[in-house]
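Trainee: Please take one part of this structure and look at it closely. I would like a single connected account of how that part is placed against the rest.

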Amino acid sequence: RRDAHDGKPKVGGEQHEDQSVDAVEAILQEVARETGVPLGWLQRKNPRQPQLVQAKALAAFRLRQRTTLTLREIGHQLGGISPQAVTHWLQLSPPT
């Protein structure tokens with residue numbers, strides 16, 4: 001199967017078998033440390049605060065670079081963000 005939003009091969013359920021939960025968690029913890037945004041805030045829906053949006057965009061960028069997660073799966077990891085929002089963040093210049 002392929003993800004309808006990005007064409008990447010999809011394996012199994014919500015998360016690829018070769019993608020450990022630990023790898024995703026490590027990336028999210030790294031972003032939380034660097035941005036000062038609590039890890040729990042990255043993983044749930046929140047009001048649109050600029051610092052939080054920037055942190056989630058950075059997390060999306062790194063998850064896309066370092067994992068094989070689909071856009072849908074990345075959005076799920078970031079609190080249910082839509083694949084379209086993930087795509088928007090990825091089209092911006094890479095976060096610093």
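Mentor: The buried residues of H1 are covered by, among others, helix H2 (39–42), H3 and H4. Contact here means heavy atoms within 4.5 Å. Helices (H or I, at least four residues) and strands (E, at least two) are DSSP runs, numbered from the N terminus. The model is predicted, so local features need pLDDT of at least 70 and side-chain atom pairs count only at pLDDT 80 or more, while totals for chains, interfaces and linings use all residues. Residues are numbered from 1 along each chain as its sequence is written, and side-chain values use heavy atoms, with hydrogens and water left out.

Start with H1 itself. It has 15 residues and reaches 21 Å from its first C-alpha to its last, close to the 21 Å expected at 1.5 Å a residue; the expected span is 1.5 Å times one less than the number of residues. The buried residues of H1 are Val 24, Ile 27, Leu 28, Glu 30, Val 31 and Ala 32. Buried means under 20% relative accessible area, exposed over 50%, and partly exposed in between (1.4 Å probe, protein chains only). An α-helix has 3.6 residues a turn, so residues three or four places apart point the same way. Just after H1, Gly 36 takes a positive phi of about 80 degrees.

Leaving aside neighbours within four places in sequence, Leu 42 is in contact with Leu 28, Val 31, Ala 32, Val 37, Leu 52, Ala 55, Lys 56, Gln 77, Leu 78 and Gly 79. Of these, Gln 77 lies in helix H4 and is buried, with a relative accessible area of 18%. Gln 77 and Lys 56 are 21 residues apart in sequence and 9.9 Å apart in space, C-alpha to C-alpha.

Leu 42 also belongs to the largest nonpolar core, which has 21 residues; Leu 42, Leu 63, Ile 74 and Leu 78 have the most contacts inside it. Helix H1 (21–35), helix H3 (50–66), helix H4 (71–77) and helix H5 (83–91) each supply at least two residues of this core. H3 gives the largest share, seven residues. A nonpolar core is a set of buried Ala, Val, Leu, Ile, Met, Phe, Trp, Tyr and Cys residues joined through side-chain atoms within 4.5 Å. In soluble globular proteins, nonpolar side chains tend to be buried together.

H3 is one of the elements over H1, and H1 in turn is among those that cover the buried residues of H3, along with H2, H4 and H5. H3 has 17 residues and reaches 24 Å from its first C-alpha to its last, close to the 24 Å expected at 1.5 Å a residue. Its buried residues include Leu 52, Ala 55, Lys 56, Arg 62 and Leu 63.

On the H5 side, His 88 is found in helix H5 and is partly exposed, with a relative accessible area of 45%. His 88 and Ala 57 are 31 residues apart in sequence and 9.0 Å apart in space, C-alpha to C-alpha.

For the setting, the protein chain has five helices and zero strands. Buried residues make up 38% of its 96 residues. Among contacts between residues at least 6 apart in sequence, 54% join residues at least 24 apart.
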